[in-house]
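Colleague: Could you walk me through how to read a few features of this model? I would like the general idea each time, then the case at hand.

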Amino acid sequence: MARGRHVGSSETKLLQHLLEACGRCEEVPEAYVDIHTGLSGSGVAFVCAFSEALAEGAVKMGMPSSLAHRIAAQTLLGTAKMLLHEGQHPAQLRSDVCTPGGTTIYGLHALEQGGLRAATMSAVEAATCRAKELSRK
């Protein structure tokens with residue numbers, strides 16, 4: 001949330017309390033609102049697309065679709081919990097699960113060849129730019 005200049009601390013605390021019923025709430029500068037929209041608001045769809053792709057990879061390898069989608073979702077949930085509860089940087093957790101010459105590093109190499117990072121960064125940038133355009137209207 002971003003506090004307006006006429007909002008006092010009691011109103012801020014009330015709003016934070018209400019918003020935290022839905023999840024984490026942090027006060028940020030108003031300049032971050034469009035970026036938040038691009039990251040979190042649109043990020044839900046980006047994460048769903050990634051989850052779907054993970055599951056489809058397992059289906060391609062022979063796993064039933066419903067099982068693959070459940071495992072993909074659980075993998076995302078478990079990863080998010082580790083990042084939030086342990087306070088680790090994603091790069092550290094990624095490094096921790098890579099063994100030399102193992103399956104994960106081979107998979108990460110394939111993701112890098114496909115441009116996952118650049119595509120994801122571009123998606124957040126495009127969504128943020130569109131949020132800025134819409135906020136001017």
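Colleague: Does alanine 49 count as buried, partly exposed or exposed, and why?

Modeller: A word on the source: this is a predicted model, where local features need pLDDT of at least 70, side-chain atom pairs count only at pLDDT 80 or more, and totals for chains, interfaces and linings use all residues. Residues are numbered from 1 along each chain as its sequence is written, and side-chain values use heavy atoms, leaving out hydrogens and water. Now the idea: buried means under 20% relative accessible area, exposed over 50%, and partly exposed in between (1.4 Å probe, protein chains only). Alanine 49 has 43% relative accessibility, so it counts as partly exposed.

Colleague: Where does alanine 49 lie?

Modeller: Helices are DSSP runs (H or I, at least four residues), numbered from the N terminus. Alanine 49 lies in helix H3, residues 43-60.

Colleague: At what angle do H3 and H4 pack?

Modeller: Axes are lines fitted to C-alpha atoms, for helices over the stretch in contact, and angles run from 0 to 180 degrees between N-to-C directions. H3 and helix H4 (residues 65-86) pack at about 135°, with their axes 8 Å apart. Under 35 degrees counts as roughly parallel, over 145 as roughly antiparallel, 65 to 115 as roughly perpendicular, and the rest as oblique. H3 is therefore oblique to H4.

Colleague: Which residues make that contact?

Modeller: Contact means heavy atoms within 4.5 Å. On the H3 side, they include Val47, Phe50 and Leu54, and on the H4 side Ala68, His69 and Leu76 are among them. For classes, Ala, Val, Leu, Ile, Met, Phe, Trp, Tyr, Cys and Pro count as nonpolar, Asp, Glu, Lys and Arg as charged, and the others, Gly among them, as polar. The contact of H3 with H4 has 10 nonpolar, 3 polar and 1 charged residues.

Colleague: And how do H2 and H7 pack?

Modeller: Helix H2 (residues 33-41) and helix H7 (residues 116-136) pack at an angle of about 135°, their axes being 8 Å apart. H2 and H7 are therefore oblique to each other. Their contact involves, among others, Asp34, Ile35 and Gly38 of H2 and Thr128 of H7. This set of residues divides into 5 nonpolar, 4 polar and 2 charged.

Colleague: Is threonine 128 buried or exposed?

Modeller: Threonine 128, found in helix H7, counts as buried because its relative accessibility is 9%. Leaving aside residues up to four places away in sequence, threonine 128 touches Asp34, Ile35 and Gly38.

Conventions
Helix = DSSP H or I, 4+ residues; strand = E, 2+ residues; numbered from the N terminus.
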